[in-house]
Amino acid sequence: LDLLVFDLSNPTTPQLVNRLTDVFPNFGVDPEKGIVVGYNRSSETQKFNCDANPNIYSGGGGIWIREADSFDSRVFSANGAKGQTSTTPGGNVGIGGSTARFTINADFLYTVSQSNLFSFSLANGAKPFKTNDFPIGFNIETIFPYDNKLFIGSQSGMFIYDLATPDKPTFVSMFGHVRACDPVVVEGDRAYVTLRDGTVCNGFNNQLDVLNIKDLKSPVLIKSYPLRHPIGLGITDGILMICDDNDGLKVYDAKDDLNIDANQLDQVKGINTFDVIPLGQSKIAIVTGNDGVFQYNFANPKKLELLSKIAVKQ
């Protein structure tokens, strides 16, 4: 899979200026057998001599076994236990949704595949180059930057990486949960995570988790709130927005960790929502859904105002 670079000086006519070929893994494709369309589950126990086997790798909070150019992970936390927008402090940060796999922090682009974290230098924006590529977990899904940290959502938990050395992100901690899809956003010393069922994640929870991340090495669950079927979410100035599937877009005052459900401010019904990007300065929320892309003014968070819609046909 390739990384494409476009010049958007004139947004009406984007120009392709560079293409980095084969920088991302092509999961599920065998050059001889074709594309994987199904599989059978099985349980297997193997023993390895880590000292004698060069294909054993440990790091980033996990133990990894390299097989046929891919990493199979047996995820463990750092202490050895089994795997359990506004301007962001820390530099220029890309604005993206909670379900994004790409993000920018300072002069670096960070992306995640199903198991790896990639970093690219953007010192010369037209000619990015890869600076790092290493395994970080199992079934990685989303990436969100905040305060010179990366908060990475997976089907088994939230990973935190430090960007003190931007070309070499370092593992800080992991907060584990039952198997479920989990976008994550952060504001201050709070992280907000949505879990949902009925997907390839095979989870059974539909909820919002609120985490205390004041101690980044030891995130603590404050409270969980049941939801219908949440996906993306966004937070700015204590205003939390959650895309709750057919329940539409829900808006909460999240300042009281223990009573978020009692402080719902508004709900936009009649749209099937997927992700939301609240822009703090302009008070505009960009919402994606099955029917298209919407813009809402949330200067009054108790009454969102529809500004525009770009219809998309499936």
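Biologist: Before we count anything, what are helices and strands here?
Modeller: They are DSSP runs: H or I of at least four residues for helices, E of at least two for strands. The model is predicted, by the way.

Biologist: How much of the chain is buried?
Modeller: Of its 314 residues, 44% count as buried. The chain exposes about 16,500 Å². Carbon and sulfur atoms supply 50% of that area.

Biologist: Let's go inside. How many residues are in the largest nonpolar core?
Modeller: That core has 27 residues. Those with the most contacts inside it are Phe-151, Met-158, Val-186, Tyr-192, Leu-208, Leu-240 and Ile-260.

Biologist: Which strands each supply at least two residues of this core?
Modeller: Strands 12 (140-146), 14 (157-162), 15 (170-176), 16 (184-187), 17 (190-195), 18 (207-212), 20 (233-236) and 21 (239-243).

Biologist: And which strand gives the most?
Modeller: Strand 17, with four residues.

Biologist: Pick Met-158. What does it touch?
Modeller: Leaving out residues up to four places away in sequence, Met-158 has contacts that include Phe-151, Ile-152, Met-174, Phe-175, Val-184 and Val-193. Leu-211, Ile-213 and Pro-219 are also among them.

Biologist: What sits between strand 24 and strand 25?
Modeller: Four residues, and the two strands form a hairpin. In the turn, Lys-283 has a positive phi of about 60°.

Biologist: How does strand 25 pair with strand 26?
Modeller: In the antiparallel sense, over six bridges, with strand 26 covering residues 292-297. These two form a hairpin as well, with two residues between them. Ile-286 is bridged to Gln-295 in strand 26.

Biologist: Switching to charges. How many salt bridges turn up?
Modeller: A search of the whole structure finds 10.

Biologist: Tell me about Asp-162. Which residue is its partner?
Modeller: Lys-149, with the closest N and O atoms 3.3 Å apart. The pair links distant parts of the chain, 13 residues apart. Asp-162 is in strand 14, while Lys-149 is in strand 13 (residues 149-154).

Biologist: Are Asp-162 and Lys-149 buried or exposed?
Modeller: Both are buried.

Biologist: What about Asp-133?
Modeller: Its side chain meets that of Lys-130 in a salt bridge, at 3.6 Å from N to O. Asp-133 is partly exposed, with a relative accessible area of 35%. Lys-130 is partly exposed too, at 34%.

Biologist: And Asp-189, which residue does it meet?
Modeller: Arg-190, at 3.0 Å from N to O. Asp-189 has 32% relative accessibility, so it counts as partly exposed.

Biologist: Why is Arg-190 called buried?
Modeller: Because its relative accessible area is 17%, and buried means under 20%.

Biologist: Last one, the surface. Which residues make the nonpolar patch?
Modeller: Leu-4, Phe-6, Leu-8 and Leu-16 make a patch of about 390 Å².

Biologist: Where is Leu-4?
Modeller: In strand 1, residues 3-7. Leu-4 counts as partly exposed because its relative accessibility is 36%.

Methods. Residues numbered from 1 in each chain as written. Predicted model: local features only at pLDDT ≥ 70, side-chain atom pairs only at ≥ 80, totals over all residues. Heavy atoms only, no water. Patch = residues over 30% accessible without salt bridge, like charges linked within 9 Å, V, L, I, M, F, W, Y side chains within 5 Å. Areas by Shrake-Rupley, 256 points an atom, 1.4 Å probe, with all protein chains shown as cover. Salt bridge = Lys/Arg side-chain N within 4 Å of Asp/Glu carboxyl O. Buried < 20%, exposed > 50% of the residue type's maximum accessible area, 1.4 Å probe, protein only. Core = buried A, V, L, I, M, F, W, Y, C linked by side-chain atoms within 4.5 Å. Contact = heavy atoms within 4.5 Å. Pairing = 2+ DSSP bridges.
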